[in-house]
Amino acid sequence: MQNALKNPNSKLKKDNAEYWDEFYKNVLIQEESTFCKYIKTFFEDSPFILDLGCGSGRDSYAFAREGFKVVGVDRSREAIKFNQELNGKLNKSVVNIEFFRVDLNDEKALRELIITQKNKAEVEGKRIVIYLRFVLHSINKLTEQLLLSILSDELPKGSYLAAEFRTTEDEMRNKVYGDHFRRFISAEDLLGDLRDKYKFKQILFTKGTGLSIYKGEDPYLGRIIVEKN
């Protein structure tokens, strides 16, 4: 198994903020993802994108360059520092983008973030899209439940959630970054929870390989888009 990140600190837990701080000091990916390209064509009315787990900002900036209002959120100080500095260097040429540091485990901060950005979207007359690329499988089940409960509570009807994540079928496949924490998700169970527990209806669902190939790794992914009832 190849490990492109030379284990920046083997003593760090692989699912905490310090691990990702070290990761973003060593690894920078700026080309937009294939999921971002797909979502841009799916939502042609340029909605308000809340990019949770934005990382290096690759997709946040890709959305913003095409006129989407974007808020990027991550728990890594290094990721947010990088994005804020990059935004400053662009001399405000990308004016419709902001970045905030919020840990998805912090219920109070996360709820406040969702409420604040929801209100901004309403003022601008835009529907909000919660964008979760490679986030759900990087958090534990309790954090997922907290996140989805808050979204269910706070998002207005007609809001969307768009997610791409590793499925149970991906567990034994080759990984470029072998040190990453991953939780392999049953896509069908997730869709059932979104419908039955969190008041979302399915708009799109697909899963398989060939969706996001990176350095020879071809993960087995799920893609979903759901709408708040």
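Biologist: Where does Ser212 lie?
Modeller: Ser212 is in the loop between β6 (200-208) and β7 (221-228). Strands here are DSSP runs of E with at least two residues, helices are runs of H or I with at least four, and both are numbered from the N terminus. Keep in mind that this is a predicted model, where local features need pLDDT of at least 70, side-chain atom pairs count only at pLDDT 80 or more, and totals for chains, interfaces and linings use all residues. Residues are numbered from 1 along each chain as its sequence is written, and side-chain values use heavy atoms, with hydrogens and water left out.

Biologist: Is Ser212 buried or exposed?
Modeller: Buried, with a relative accessible area of 11%. Buried means under 20% relative accessible area, exposed means over 50%, and partly exposed is in between (1.4 Å probe, protein chains only).

Biologist: What does the side chain of Ser212 make a polar contact with?
Modeller: With the side chain of Arg133, at 2.9 Å. A polar contact is a pair of N or O atoms within 3.5 Å; within protein, one must be able to donate a hydrogen and the other to accept it, and residues adjacent in sequence count only if both atoms are side-chain atoms.

Biologist: And what does Ser212 touch, not counting residues up to four places away in sequence?
Modeller: Thr34, Arg133, Phe134, Glu164, Glu217, Pro219 and Leu221. Contact means heavy atoms within 4.5 Å.

Biologist: Back to Arg133, where does its charged end sit?
Modeller: Over the ring of Phe134, 3.9 Å from the ring centre. The rule is that NZ of Lys or CZ of Arg is within 6 Å of the ring centre and within 35 degrees of the ring normal.

Biologist: New topic, how many aromatic pairs are there?
Modeller: The count is 7. Rings of Phe, Tyr and Trp (its six-membered ring) pair if their centres lie within 6.5 Å; planes under 30 degrees apart are stacked, over 60 edge-to-face, and the rest tilted. Phe35 and Tyr131 make a stacked pair, 5.5 Å centre to centre with 15° between the planes. This pair links distant parts of the chain, as Phe35 is in helix α2 (residues 34-42) and Tyr131 in strand β4 (residues 128-133), 96 residues apart.

Biologist: Are Phe35 and Tyr131 buried or exposed?
Modeller: Phe35 is buried at 1% relative accessibility, and Tyr131 is buried with a relative accessible area of 1%. Ring pairs also link Phe35, Phe63, Phe68 and Tyr131 into a cluster.

Biologist: Which residues of the largest nonpolar core touch the most other members?
Modeller: Of its 35 residues, those are Ile130, Leu132, Leu136, Leu151 and Leu161. A nonpolar core is a set of buried Ala, Val, Leu, Ile, Met, Phe, Trp, Tyr and Cys residues joined through side-chain atoms within 4.5 Å.

Biologist: Which element gives the most to this core?
Modeller: That's α6, with 5 residues. There is also a second, separate core of 21 residues, including Phe43, Phe63, Ala64 and Tyr131.

Biologist: What about β1, how many of its residues are buried?
Modeller: 5 of the 5, so β1 is largely enclosed by the rest of the structure. Phe48, Leu50 and Leu52 point one way from β1, while Ile49 and Asp51 point the other way.

Biologist: In which sense do β1 and β2 pair?
Modeller: Parallel, over 5 bridges. Two strands pair if DSSP finds at least two bridges between them. Leu50 has Val71 in β2 as its bridge partner.
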